[in-house]
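Thanks for coming. I will go through one model this morning, starting with the chains and how they touch. Here it is on the screen.

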Amino acid sequence: MSGVVEVGLGRRTRRGLAVWAWAVFAFLYVPIVVLVVFSFNASSRVNIWGGFSFQWYGEALRNDVITSAIRVSLIVALVSTVVSVVLGTAVALALDRYRFRGRRALDGTVYLPIVIPDITMAVMLLVFFAEAFKFIDSFGPRFTLGISTVALSHIAFNISFVCVVVRARLDQFDRTLEEAARDLYATGWQTFRRVTLPLIMPGVAAGGLLALTLSLDDVVISAFVSGPGSTTLPVYVFSSIRRGVTPELNAISTLMLTASIALVLGSLALQRRRAGAGRQTQVL
Amino acid sequence: MTEPVAAVEIEGVTKRFDDVVAVDNVDLAIDDGEFFALLGPSGCGKTTTLRMIAGLDLPTQGSLRIFGEEVGMAPPDRRPVNTVFQAYALFPHMTVRQNIEFGLRMRRVKDPELSQRVAEAIGMVRLAGMEERRPDQLSGGQQQRVALARALVNQPKVLLLDEPLGALDLKLRQEMQQELKALQREVGITFVFVTHDQEEALAMSERIGVMSEGRLLQVGSPREIYERPSSRFVADFIGRTNLIEATVESSGTVRLANGVVIEAETSAPAGSDVAVSLRPERIRVQSRGAGVSAGASLDGEVGDVTYLGHAVVYAVTAGPTLVEVRNEGEVGEPFAVGDEVTVSWDHGAAAVIAE
Amino acid sequence: MFLASPGALYLLIFFVIPLGLITVYSFATRTSTGRTSLSGWNVESYEAIGDEIILGIIGRSAWLATLTTVLCVAVGYPFAYYIATRPRHVRAVLLVLVMIPFWTNALVRVFAIRFLLGSNGPASALSESLGLGTFRILFTPTAVTIGMVYSFLTFMVLPLYVALERMDWSLTEAARDLYASGAKAFWKVTLPLTRSGIVAGCVLVFVPSFGSYVVPDILGGAKTLLIGSYIARQFRDARNWPLGAALSVLLIVAMLVAVALNQRSGSGAEDGGRPRGRKRRPGQGEAEPVTAVAS
């Protein structure tokens, strides 16, 4: 069983393509691998290999600023993922199947946070919180930028991403299945619970995974809407890089890298299992 | 005894989608235990009619009763009907058993009744041993059986089938036609099925309702529909026919466009324009002057001959009219293009269609 | 519709209102203390964009984004082509290898480049030990370009892969049969039929490159000040919020125009030349749909 599409390319072209492809893979992976390797460097000089050691991981994890940043990142990621999955899925369902006033406006608005650059989203939210605080302060309570503003901001962009991913799934959804359920005496809620939700679940899970990843990745928006004590891990790393490369930074980066890769591979494994149960594979 | 209540009674039902009238003021009564077909080309409103009976679409106006109970506006889960969907709509994330159980579970039927009824349904459609498979592991015919079992297990008063055989290949389709008829006799409930295939409708149903452009044109037995079509559309849509323009002379005779007067029953008033429908297989071809036994005849010339094995089709030009004649089996010697012939038919063969 | 209302309300408060506010701010006045006065509306901030320095920054951003996009097509097309023409099981593995960097923390990946290219980093150490002298690439436009290509290449590869994977190769074979050379068949058949993937990839790369903030901030120097960093500055050190707001509005409008142009050209684009509902060739297998959503 070959399955290779030859499309009449000459041997030299084919060899050239292969070399090129593997060079690109090297380009994608070498920097990451070098970073990971040097995170285990015993030497405090970043460019000289001084033997294998875990010492930078130890130092990083003993650093209160870093552990606090990890905690903030995790809380924000979990909260924003849960909220945006619920809200985003609801919006996707509404856009997919109902006509209502303002539908087109909502449909367009949902895509905007995905399209506009991070930096503009960041300054928009900064200006918004500044004005909102001015307004709220006039009633007495005093609010400042903190973990809640970070979470609120992450939800704002994650709703859109979840919504888009879930809608892609809904596009393939066969509505007669819902009619069949209704015909078989299921109420509207039972139909949703027993038929619709299980079938769009891969989309909802994919949306949630994307939201989680984006929240853990975000640096620009968080940098603008976080306050003292609510620094996320990427924001900490970002500001540290500006001050210079340290072996500690290598260690934290490797940890973040591991988390990302674990998430991807986990989701792929999950999909493979589902695919085995007779469903289509969807590579995220 | 009182008049038996109709299984499905539709009165003045209209369905509009925005500006499009999908079903236009339809009246229809389907009897208890009947095998009824709604027949028409795609877009004629037959599926919408079926969906309104199922409760999947709600009528814009009109009344819809199932065994005397008004259900026009009731949701599908409150109606004693079940549907076999066009592409079956089997739940892909559930096994065969879970699919069949679905309706019973929704109505909170508990064991042992649940498993007993499911087992019966599985036996009825001969799917024993397949219970734990998923729909995508079944063949088209098996999926169709699951869809049937999933609907019938609920013991509906009326079973609705939307193009039930459309997704199957020809051979399987013919097998399933027989099986569906047998199944309907076995369970004894009303079957209403939608199809665009006129042969399927003729072969399977006790009565047929022909629809076109949202209107119900004619309801009758297959024989009535075929032999006494009430409109040009029905005559043309069901089987092949020759439609000849004519004028009514009196209640028993009409004058064809070429001046020939033939005998034909009609209730249309004298002088009105009508069409005469002549089925090709009810017409005979003979050599000119061979002596016509009975009925009416036209003289013409063979314009084209098509050999089909079990039949020969002649296109005969008789003045301005082209008559298609279908000779089944060996009837006399074959004719060739250009032969002078006479076509003739019995009195009962011509159906007059009032405009 | 009640289902959409919570999400719609959320977007209204935390996206639409902020979007409106930033537009309002772009017409406001900056006071001498660096505060923003919401009175005395004017278009001075927009006029300031005409300033030579700012125009230079915008021009540089556009140039670097264009360069990045072109490089990504050049690097990504043969790469995607190679992957899309592998046997099915190999293709699945290679696709995972593309997905991992795609999903990996972007900041960490930029940091990896910074670490690798730094004057006291491994690349430099290697070149020194080979007697080639110290690497002085960091904080140059070259470093920023490398970083951007590195960051956004997967955004290009995925839509290209999708387009190539859907490609009906019998069309290329037909071209060969009709006397086209391999190169001709590629230019006349394959390339036009994968145009939708190229256009989509270009937008996915150009949009984030143009507004990029993290990459130039970490890899660039004074000579590579780009619009993203310049906007950030206005809201931090320079404290000129109205100017920053005006530039943001400009950036948002530019991005929307780019996306709208893409959609217009995308809607008419072919889908790999494969007629809908047609059976696939044996060996070509089932599609592996790629949900490629880029931030």
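**Chains and contacts**

Two pairs of chains are in contact, and of these chains A and C share the most contacts. By contact I mean that the C-beta atoms of two residues, placed from the backbone, lie within 7 Å. Chain B and chain C have no contact between them; their closest C-alpha atoms lie 15 Å apart.

A word on where this comes from. This is a predicted model, in which local features need pLDDT of at least 70 and side-chain atom pairs count only at pLDDT 80 or more, while totals for chains, interfaces and linings use all residues. Residues are numbered from 1 along each chain as its sequence is written, and chains are lettered from A and ligands numbered from 1 in the order in which they are written.

Now chain A. Its secondary structure is eleven helices and zero strands. Helices here are DSSP runs of H or I with at least four residues, strands are runs of E with at least two, and both are numbered from the N terminus. Along the principal axes, the C-alpha atoms of chain A fill a box of roughly 75 × 70 × 30 Å. Chain A has 284 residues, and 48% of them count as buried, that is, 20 or more other C-beta atoms lie within 10 Å of the residue's own, with C-beta atoms placed from the backbone. Take the contacts in chain A with a separation of 6 or more: 75% of them are between residues 24 or more positions apart.

What does chain B bring to chain A? On the chain B side 21 residues are in contact, and they meet 16 residues of chain A. Two elements of chain B give two or more residues each to that side, β6 (81-84) and α2 (96-106). The largest share, three residues, is from α2(B). By type, the chain B side has ten nonpolar, six polar and five charged residues. Nonpolar covers Ala, Val, Leu, Ile, Met, Phe, Trp, Tyr, Cys and Pro; charged is Asp, Glu, Lys and Arg; the others, Gly among them, are polar.

Last, the strands of chain B. β1(B), residues 8-17, and β2(B), residues 20-30, pair antiparallel over seven bridges; pairing requires at least two DSSP bridges between the strands. B:Phe17 stands opposite B:Val20 of β2(B). Two residues lie between these strands in the hairpin, where B:Asp18 has a positive phi near 50°. β1(B) also runs antiparallel to β4(B), residues 61-66, with five bridges. There, B:Ile10 has B:Leu64 as its bridge partner.

Note on methods: Buried ≥ 20, exposed ≤ 12 C-beta atoms within 10 Å, placed from the backbone.
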